[in-house]
Structures are given as structure tokens and as C-alpha cells.
Amino acid sequence: MKPLVEAFRREEAVLKEGGGAKAVARQHDKGRLTARERIARLIDPDTSFFELGLWAAWKMYSDWGGAPSAGVVTGIGTASERRVMIIANDATVKAGAFFPLTCKKVLRAQRIAQDNRLPLVYLVDSAGVFLPLQDEVFPDEDDFGRIFRNNAVISAAGIPQFAAILGNCVAGGGYLPVLCDKLLMTEGSGLYLAGPALVKAAIGQTASHEELGGAAMHAAVSGTIDFREPDDPACLDRLRRLIGALPPDRVAVSATLSPGRPPEDIYSLFPTGQSYHSPLTTHHSPSEYDIREVLPCILDAGPFDEYKSEFGQTMVCGYGRLGGVAVGVVANQHERRRAADGHLQFGGVIYVDSADKAARFIMDCNQSRLPIIFLQDVNGFMVGKESEQQGIIRAGAKLVNVIANSVVPKITVIMGGSFGAGNYALCGKAFDPRFIFAWPTARYAVMGAEQAAGTLLDITISALRRAKHEPDAAELEQLRRKVEESYREQTDVRYAAARLWVDKILDPPETRSALLLALEIATRHDDGRAFKTGVLQV
């Protein structure tokens with residue numbers, strides 16, 4: 001696995017270069033810092049920035065030259081000893097313009113901040129909507145306007161929002177900083193609905209950049225901004241002081257406790273290179289392994305109280321501690337097990353008994369207000385006559401119901417496969433995890449590549465035959481390879497991360513530290529909602 005991780009890290013280093021050296025030089029020539037330089041100056045010394053969505057828009061928008069990280073940097077940092085969500089436009093990428101994935105990435109950051117009552121800091125330097133794709137950016141409920149709607153709702157919820165205009169802030173994008181609680185602006189920046197050229201064309205009026213939207217005008221004439229600053233460093237220093245005026249964070253999670261086993265042991269416990277065959281898929285990742293051996297690399301040293309350990313053994317559920325905080329764990333077992341009736345059950349597959357067990361365990365965690373960690377390496381629900389007659393759909397529906405209605409924080413890590421309804425049943429993105437992480441070995445799909453390729457090939461052949469074309473053996477093999485390669489590309493975890501189906505791709509030994517931070521953020525607030533499921537299939 002290490003070579004795979006190293007390859008991912010090299011690619012991430014390229015993504016962090018944004019628009020490249022020439023674009024960085026142009027930003028510096030204007031007397032401005034880059035987005036990453038601004039974040040480094042904003043956060044406390046000797047602390048790290050926990051970046052989210054780095055892979056956004058990976059290999060997308062190639063017709064427009066690409067948009068590394070969707071032209072915006074998002075993540076969690078510590079400023080003046082307060083945790084904050086930072087959203088920084090990267091002006092080295094198409095002048096910080098908003099692509100469709102830019103909007104979705106900002107919305108995801110806002111969602112995490114809102115769910116966890118995390119103060120938001122916007123470092124604004126954007127040319128606004130990327131006009132060639134305006135139809136995909138502008139109108140819908142998960143597009144540009146939703147960001148401003150969220151600004152207003154987040155403010156009404158009492159979650160602090162700070163904005164610093166450090167460059168361009170034009171057209172509709174001007175509403176974002178003005179909807180925040182505190183607004184700073186540097187000299188040379190611009191805040192206006194329409195620039196000089198557009199004003200001239202629209203109404204025939206001649207006005208300068210400063211008259212329309214300069215920092216001096218907004219400080220003294222319109223009164224729109226709260227603080228006028230000479231440059232980026234002064235603005236960021238003031239921003240740190242303002243954040244420092246917030247009430248101090250109350251932290252319940254300890255980062256100093258030791259795990260039960262060195263996290264680096266994951267490399268040997270989760271080997272790659274062999275295929276694992278189950279009735280549902282030919283798995284891309286390890287041969288059989290015992291998930292209970294992996295758990296000590298993630299949880300605190302101490303007992304793990306496994307729930308119903310002799311029942312529904314293809315799912316491991318239990319109680320442990322993470323950073324001293326009690327948590328529930330729901331994980332796929334990847335060893336074959338024999339049920340009490342003698343039937344062999346394949347690891348990574350959800351059977352009726354394991355679904356029933358997991359559903360009851362999740363309900364108990366909600367009853368006890370315990371956060372839940374989901375560890376996915378799932379091939380899906382068992383199929384076949386026996387499984388259907390035992391009520392696999394009923395059991396799966398119950399599991400999905402309790403996850404959907406959970407009121408405790410949920411954090412998901414996709415270690416290997418995340419196939420079909422198994423993705424839903426272990427809290428995939430659609431089920432509101434506070435954070436969702438993945439390992440480089442993760443794969444997303446409705447089914448395994450070989451099975452999907454066979455299905456898609458049958459459909460393609462049928463279409464050719466309807467067109468009175470009978471493919472020969474060579475053409476069939478070419479079609480099969482083409483379909484399978486396309487499907488494998490789509491199951492790559494980077495494909496998923498590009499579309500924000502996961503928040504971050506982790507080096508597996510980093511899983512514990514990532515979960516410690518995620519749990520710290522997720523336990524900042526409990527809104528006290530009662531746990532209700534509605535009608536359950538029983």
C-alpha cells in the first residue's frame with residue numbers, strides 16, 4: 001500500500017501548486033499572498049491545516065484548462081486557539097472564478113461548519129462566476145446562490161462568520177462577505193456589483209475602480225466594511241485578533257492518549273495485491289483480514305466491548321474510546337464466518353442477521369448519545385433465494401432507517417469497497433456523516449467492475465444487434481475491455497473525491513489523528529434532538 005500512498009501524495013503536491021508558478025508570481029506582483037500563504041499566516045504557529053476537498057474537480061473541466069482543487073481551498077485550522085473553518089479563493093486558478101464544483105465545495109464547508117457550530121472565515125479573492133459554465137453555477141439549490149442563503153441562515157443560528165476581501169469581489173459574489181458578521185478589506189481590492197467597463201456599457205457612466213468599490217470608499221462613504229487594511233499581512237493579523245475575541249473552545253477529546261497498537265501496523269494488517277472473491281464482487285483490495293485487529297490502530301488503548309460478538313459476524317459492532325471519548329463502532333468483517341445454522345457467510349457482505357444486529361446497535365448508540373464511527377469495506381447485501389426469503393430487503397430497510405434518523409455525530413471511513421446499498425447502510429455521503437474519509441484503496445460503485453462490465457456489455461451488444469450489427473469475437477473483447485476500463489476509472493477513489501463524495505483521502509496510519517480532529521469538531525455541540533425512527537420493518 002505504501003507505493004500507492006506515495007503516488008497519491010506526489011499528485012497532491014501538484015494540486016497544491018494551484019495555477020502554477022507563473023500564476024503565483026502574478027499574484028505576488030500585485031502585492032498579494034496566495035490562498036495557501038494567507039492560510040499559513042492566519043493559523044497559529046506550530047499548528048497544521050486540516051485540508052478538505054483537495055481533490056475537488058480532479059481531471060475535470062479539461063476543455064477550460066482544468067481547475068485544480070476547484071479554485072478554492074477549504075479546511076479546518078486553529079487561529080488564536082480557536083478552531084475555524086477556512087474558505088479561501090485561490091486567485092491563481094482562473095482568478096478564483098467559481099466553477100460548478102467550486103460552489104459545491106464551498107457549500108460542503110459551510111455544511112460542516114453549520115452542523116458542528118464551527119466559526120467560518122472567508123478569505124475572498126474571486127472574479128465571480130466562471131461565465132462559460134454559468135448555467136451550471138447560477139440557479140439551482142446547490143449552486144452559487146445557496147452560498148449566500150447559507151450565510152444568512154448561519155448568521156441567524158449564531159455561528160460567527162468573518163470575511164476578508166483580499167482582492168476581487170465582484171458581481172453577485174459581493175453578497176458573501178457583506179452577509180458576514182465582520183468584514184475586512186485591503187487597499188487595492190474591489191467590492192462592487194459591476195466594474196467600470198460594465199457600468200459604462202450599461203448606463204453610460206464613467207467611474208473609477210475606487211469610486212465604485214475601493215476600500216477607502218467602502219470605509220468612509222458606503223460604510224459597508226468594518227475595517228480597512230493596507231495589505232494582506234495587516235488584514236490577517238487583525239483577523240486573528242478578532243477571532244481571538246470569541247469564547248474559547250471547550251475541548252473534550254484528548255490527542256495525547258495512546259492507541260492500542262501503532263497506527264503504522266495498518267500497512268501489514270490491510271495488505272493489498274490479492275483479490276478477494278465473494279458472491280457479489282471480485283474485491284480489489286486485501287485477501288481476508290480481521291477488522292478487529294485493525295481497530296486498535298485507530299481506537300485508544302483499552303478494551304473494545306464487542307456487541308453480539310457471536311451473532312451476525314460479518315459486521316463488527318462495539319464500544320470503545322477515541323481520545324478518551326466513548327464511541328460506537330460499526331465495521332465490516334472481512335473474514336468468512338460460519339453462522340449458527342452452519343451456513344458459511346462471506347466477509348464484506350451484509351446478511352440478514354448482521355443487518356439486524358447493526359440496526360439495533362445504532363439505535364442503542366443514539367439512546368446513549370454516543371458518536372458512531374463507520375468503517376466501510378463492503379461488497380453489498382447478500383442476494384439469492386434464501387436471502388430474499390429471510391427478508392434481506394426488510395433488514396436492510398431497517399438499517400437504512402436508523403442511520404438516516406440518527407441524531408448523534410456520524411463519521412465514516414471508506415477503507416476498501418463501498419458497493420451498492422452497502423454504501424448507504426454504512427453511512428455513505430447521502431446519509432449526512434459529519435465527515436467522510438477514504439483510504440487510497442477505496443472504491444465506489446453500484447457493483448464490482450467485473451459484474452458491472454458484464455451487465456453493461458450485454459446492454460451494448462443488445463443495442464448493436466437492434467441496429468442489425470452482430471459483433472465478432474474480437475469486437476466483443478474490445479468492447480468488454482473498453483467498458484471495464486471506463487468502469488474502473490469511475491470506481492477510483494480520486495474520481496469520488498473529485499466530485500466531493502469524500503472529504504479527504506487519508507494515508508491509512510493518519511486515520512486515528514483525522515478521526516480525533518473530526519470527533520473534536522463533531523462533539524462541539526449537541527442540539528438535543530430526540531431519536532425517532534418512524535415506522536420500522538421488524
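Tyr122 in strand β4 is the bridge partner of Ile87, and β4 (residues 120–126) pairs in the parallel sense with strand β3 (residues 82–89) over 4 bridges. Two strands count as paired if DSSP finds at least two bridges between them. Helices (H or I, at least four residues) and strands (E, at least two) are DSSP runs, numbered from the N terminus. This is a predicted model, in which local features need pLDDT of at least 70 and side-chain atom pairs count only at pLDDT 80 or more, while totals for chains, interfaces and linings use all residues. Residues are numbered from 1 along each chain as its sequence is written, and side-chain values use heavy atoms, with hydrogens and water left out.

**Strand β4 and its neighbours**

- From β3 the chain passes through helix α4 (residues 100–116) to β4, in a right-handed β-α-β crossover. Right-handed means that, with the strands pointing away from the viewer, the path from the first strand over the helix to the second runs clockwise.
- Strand β4 is largely enclosed by the rest of the structure, because 7 of its 7 residues are buried. Buried stands for under 20% relative accessible area, exposed for over 50%, and partly exposed for values in between (1.4 Å probe, protein chains only).
- In a regular strand the side chains alternate between the two faces of the sheet. In β4, Leu120, Tyr122, Val124 and Ser126 point one way, Val121, Leu123 and Asp125 point the other way, and all are buried.
- Strand β5 (residues 161–170) runs parallel to β4 and is joined to it by 6 bridges. Leu120 has Gln161 of β5 as its bridge partner, and Ser126 stands opposite Cys169.

**Strand β5**

- With 9 of its 10 residues buried, β5 is largely enclosed by the rest of the structure.
- Strands β5 and β6 run parallel and are joined by 4 bridges, with Ala164 opposite Leu184 in β6.
- Strand β7 (residues 190–192) also pairs with β5 in the parallel sense, over 3 bridges. Here the partner of Cys169 is Leu191 in β7.

**Salt bridges**

- Side chains of opposite charge can pair when their charged atoms come close. A salt bridge is a side-chain nitrogen of Lys or Arg within 4 Å of a carboxyl oxygen of Asp or Glu, and the count by this rule is 30.
- Asp115 and Arg111 form a salt bridge with their closest N and O atoms 2.7 Å apart. Both residues lie in helix α4, 4 residues apart, about one turn of the helix. Asp115 is partly exposed at 25% relative accessibility, and Arg111 is partly exposed at 34%.
- Glu288 and Arg336 form a salt bridge with a closest N and O separation of 2.3 Å. This pair links distant parts of the chain, 48 residues apart: Glu288 is in the loop between β10 (282–283) and α13 (291–294), and Arg336 is in the loop between β13 (325–332) and β14 (337–338). Glu288 is partly exposed at 29% relative accessibility, and Arg336 is partly exposed at 43%.
- Asp290 and Arg292 form a salt bridge, the closest N and O atoms being 3.2 Å apart. Salt bridges with shared partners join Asp290, Arg292, Glu306, Glu335 and Arg337 into one network. Asp290 is buried at 13% relative accessible area, whereas Arg292 is partly exposed at 33% relative accessibility.

**Cysteines**

- The structure holds 0 disulfides, a disulfide being a pair of cysteine sulfur atoms within 2.5 Å.
- The closest cysteine sulfur to that of Cys235 is in Cys169, 12 Å away and therefore too far for a bond. Cys235 is buried, with a relative accessible area of 0%.
- For Cys427 the closest cysteine sulfur is in Cys365, at 12 Å, which is too far for a bond. Cys427 counts as buried at 0% relative accessibility.

**Surface**

- Tyr175, Leu179 and Leu193 make a nonpolar surface patch of about 290 Å². Patches are made of residues with over 30% relative accessible area and no salt bridge, with like charges joined within 9 Å and nonpolar side chains (Val, Leu, Ile, Met, Phe, Trp, Tyr) within 5 Å. Accessible areas come from the Shrake-Rupley method with a 1.4 Å probe, and for residues only the protein chains shown count as cover.
- Leu179 lies in the loop between α7 (175–178) and β6 (182–186) and is partly exposed at 31% relative accessibility.
- Val535 is in the segment after α21 (511–522) and counts as exposed at 78% relative accessibility. The C-alpha atoms of Val535 and Lys398 are separated by 9.2 Å, with the two residues 137 residues apart along the chain.
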